[in-house]
Structures are given as C-alpha cells and as structure tokens.
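Look at the sequence and the structure first, then read on.

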Amino acid sequence: MNKVGRFGEFGGQYVPETVMNAVHELEAAYDKYKDDPDFKAELTALYRDYANRPSMLYYAKHMTEDLGGAKVYIKREDLNHTGAHKINNVLGQILLAKRMGKKRIIAETGAGQHGVATATVCALMGLECCVYMGEEDTKRQSLNVYRMELLGAKVVPVSSGTCTLKDAINEAMRDWCTNIETTFYCIGSVMGPHPYPEMVRDFQKIVGEEIKAELMEREGRLPDCVVACVGGGSNAMGAFYDFIPDTSVRLVGAEAAGRGINTADTAATLSCGSVGIFHGMKSMFLQDKFGQIAPVYSISAGLDYPGIGPEHANLWKTGRAEYVPVTDEEAVCAFEYLSKTEGIIPAIESAHAVSAAMKIAPTMSKDQIIVINLSGRGDKDVYSVARYRGHNIENS
Ligand SMILES: *Cc1c(COP(=O)(O)O)cnc(C)c1O
C-alpha cells in the first residue's frame, strides 16, 4: 500500500501515469531542498525583503470592546506585497523551480489573485509565466487579466467544462505533463496530488509561527482560538499548522456558505460535501450523486473551490479543527463592520473569518485571546460589495 502524502485517509497521488513523472520529479526536488540551509535562507530573505514579512499582529481594541469577550488580535496578511498571503507560497515554489532549472512557470487562477502573485514573482525572477484561467473568470475579472499581462504573463482563457477554476486546473495539469522538461506547475492552495498539499502548507506555515512568536512577546502565552477562512485552505493551514500540537488552541475554519447551506448556491465543502477523488487527491468535495463536481457559488471568488485540501479534511474528521459556514450576507456585514470599527477593509474572503470570530469572541472570557487571520485586503472587493448593497457606483 502506498501511504505517501496521506493525512489519515485523505491526500495521495491520484493522477494518470503521464502526470506521475512530473509529480515524482517535483517530490524528489522538494525532499532535497526543503531542509537545505541555503534554500531556507534565500526564502527567508525574500519573505522579508520582497513580501514585507513578518506581517503585523494587530490588537483590535475597538472590536474587543464592542464584542465584549475575548481579546481580538488580527494577523495582517493583507499588508504583504500583492495584498494577501498567496505571495508566501508563490515565492517558495518559484524558488524551488529555479533550483530545478525550470525556466517556464504555469499556474491556474480563479479570481486572478494566485495568477497575479505568480506573475509578480516571475517578473521578479525573470521567468516565463503562463496562467490558465476559465473564460468566464477572464470576463468577470478583466482587471486582474490586465494586471497579469502588465506583469509580463500570458493569460490563457480555458473554454472547457464550466469555464471556471476547476477547468483551469485540468488544463494546467495537461500542460504540465506535456512540457515537464521545461515547466514547473505552481499550484495556489493546499490541494492537488502529493507533494503539493504538504509543500504549500510548509510555505504558508510561517503565518502561524509568526502569530505564536508575536503573541508570546505581547501576551506571554498561546491564543485560545485561531480563526481563518477556507477556500482550498492555504491561509488557514498556514495559520493553524504550528498550533496543531497545542491542543488548548481551538482552530476554526470559516467556509463560504454563499446563499446558505440549504441551497444549491454554496461552496461549503465540509457542511455539504462528501468524500471523493478529484484533482489528484482524495478529500471532501461538493459533488452530485454520480460523483461529478457540482457548480459552486459564493460572493467571494477566492473561496468558490468545490473541494478542500486533504489535511483540512483530516483535521475535520479527527475533530482537531472545526469548520463553520458563513453566508454572503454575514460576510458582507463583517466586511462593513471591520471597516467601520478598526479602519481595515478586509478581503471578502477574510471577512468570512471575521464573521465567525464575531460570533465566537463574545462567548469567550475577557482573559482569553482570539486571533483572526486576515488573509487579504479588500480594495478588490469594494465594487462587488457596493453592488450587493444596491449602490450604483461607476466602474469600468
Ligand atoms: C485565494 C484567497 C483565499 C482562499 O484561498 P486559501 O487557499 O483557502 O487560503 C482567501 N483569502 C484571500 C485574500 C485569497 O486571495
């Protein structure tokens, strides 16, 4: 039995033989470099000098007073270069690609945020960059298409299936196994065949390590609860990972319920999904009775993936982490709330975590601490929230 890359029953490498060659080459390279002192030193320098790490741990005084329970801290991943946590992972993978001698980087993107982060680092490193994006998404997110092109990337619209993220991933996999000699596939979350879920987590775990060190310095102790939003699960895995052995720390993932978990317009994988195999991994997915992947919906383009990373599926199954659904309406309310109370406009993805924390903090005592991982900034979401509220704002 092959137990490589498993988190309990989840994970694995469910890919065709042609992709297996590429997966094995990547696995060997990651094993070789992940503990290499030169590799780690170069990545740490990029985190600091390019991404602006460590990111600030902010004490949310007004929110703490207003909610009347636990002390609220906010991990400011929104202050990273490119405005979200995604840069942490992309810097790691592209540094690995350079060590492997690959000159061409491919990526998939949904809303365009991972595509923009990848195009950014390719510009920095002088590498060719090709981003697969569902044709529907290229229309909905035309500004991000332009941004990627500005950064020197080629954006390839994908017109198969539902013309969205899952189809872009299929197309990127196809490219990867055809061009394995030259090409590195930079995946945007803790998903796909092993070693991706583990590798992406390793490049994001700096978030939780920093939270722990920063809170130790400020409060001299661990938090009682850490909350993060979950799409594929990379910012949450990054925030949670260092706390997994600290069983006193409650770990809460906020998934996108869209119009509600009792409707078809949802992306709440753990509330509504079932076990399946897709995109090279065994995990939890939203699927129909034939096992076909269901269309997903959320106001947040970064959370509408029909699955979840396998390590989360295992944390959920074993009870180490809990996952709560947050609707569009709740996320928009939290988006407005954080803007007004703290002067921080969160990404609509991150607003899902803010909403979950707004429910949990008042149930905790004043000597307890809750940390919200603010995965990104919300400038990109201002128009869609305005539209949601029925405001008519000029935008092109
Ligand atoms: C992409 C994105 C997410 C969702 O991805 P995860 O892998 O679940 O972290 C969340 N927040 C922001 C700001 C994003 O850009």
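Accessible areas here come from the Shrake-Rupley method with a 1.4 Å probe; for residues, only the protein chains shown count as cover.

This is a predicted model: local features need pLDDT of at least 70, side-chain atom pairs count only at pLDDT 80 or more, and totals for chains, interfaces and linings use all residues. Residues are numbered from 1 along each chain as its sequence is written, and side-chain values use heavy atoms, with hydrogens and water left out.

**The chain as a whole**

- The chain has 16 helices and 14 strands. Both are DSSP runs, numbered from the N terminus: helices are H or I with at least four residues, strands are E with at least two.
- The chain is as compact as a globular protein of its length, because its radius of gyration is 20 Å, close to the 21 Å that the globule rule gives for 396 residues. That radius is taken over C-alpha atoms, and the rule is 2.2 Å times the number of residues to the power 0.38.
- Along its principal axes, the C-alpha trace spans about 55 × 50 × 40 Å.
- Of the 396 residues, 58% count as buried. Buried means under 20% relative accessible area, exposed means over 50%, and partly exposed lies in between (1.4 Å probe, protein chains only).
- Take the contacts in the chain with a separation of 6 or more: residues 24 or more positions apart account for 72% of them. Contact means heavy atoms within 4.5 Å.

**Around the ligand**

- There are 17 residues around the ligand, and Lys-86, Gln-113, Ser-189, Gly-231 and Ser-234 come nearest. A residue is near a molecule or strand if one of its heavy atoms lies within 4 Å of it.
- The shell divides into four nonpolar, eleven polar and two charged residues. Nonpolar covers Ala, Val, Leu, Ile, Met, Phe, Trp, Tyr, Cys and Pro; charged covers Asp, Glu, Lys and Arg; the others, Gly among them, are polar.
- Strand S9 (225-230) and helix H11 (234-240) each supply at least two residues of this shell.
- An N or O atom in the side chain of Gln-113 is 2.3 Å from an oxygen atom of the ligand.
- A polar side-chain atom of Ser-189 lies 2.6 Å from an oxygen atom of the ligand.
- For Ser-375, a polar side-chain atom lies 2.7 Å from a nitrogen atom of the ligand.
- The protein buries 97% of the 380 Å² that the ligand exposes when taken alone.

- Where is Ser-189 found? Ser-189 is in the loop between strand S8 (183-185) and helix H9 (196-204).
- Ser-189 counts as buried because its relative accessible area is 9%.
- Leaving aside neighbours within four places in sequence, Ser-189 is in contact with Val-200, Gly-232, Gly-233 and Ser-234.
- A polar side-chain atom of Ser-189 lies 3.3 Å from the backbone nitrogen of Gly-233. The side chain of Ser-189 also reaches the backbone nitrogen of Ser-234 at 3.3 Å.

**Asn-235 up close**

- Asn-235 lies in helix H11. Its relative accessible area is 5%, so Asn-235 is buried.
- The side chain of Asn-235 makes a polar contact with the side chain of Asn-373 (2.9 Å). A polar contact is a pair of N or O atoms within 3.5 Å; within protein, one must be able to donate a hydrogen and the other to accept it, and residues adjacent in sequence count only if both atoms are side-chain atoms.
- Not counting residues up to four places away in sequence, Asn-235 touches His-85, Ala-228, Cys-229, Asn-373 and Ser-375.

**Backbone points to check**

- Most residues other than glycine have a negative phi, and most peptide bonds are trans.
- A cis peptide bond joins Arg-53 and Pro-54, with omega about -5°. Pro-54 lies in the loop between helix H2 (37-49) and strand S3 (57-59).
- The peptide bond from His-194 to Pro-195 is also cis, with omega near 15°.
- Cys-163 is not a glycine, yet has a positive phi of about 60°. Cys-163 is found in the loop between strand S7 (154-158) and helix H8 (165-178).
- His-279 has a positive phi of about 50°. His-279 is buried, with a relative accessible area of 7%.
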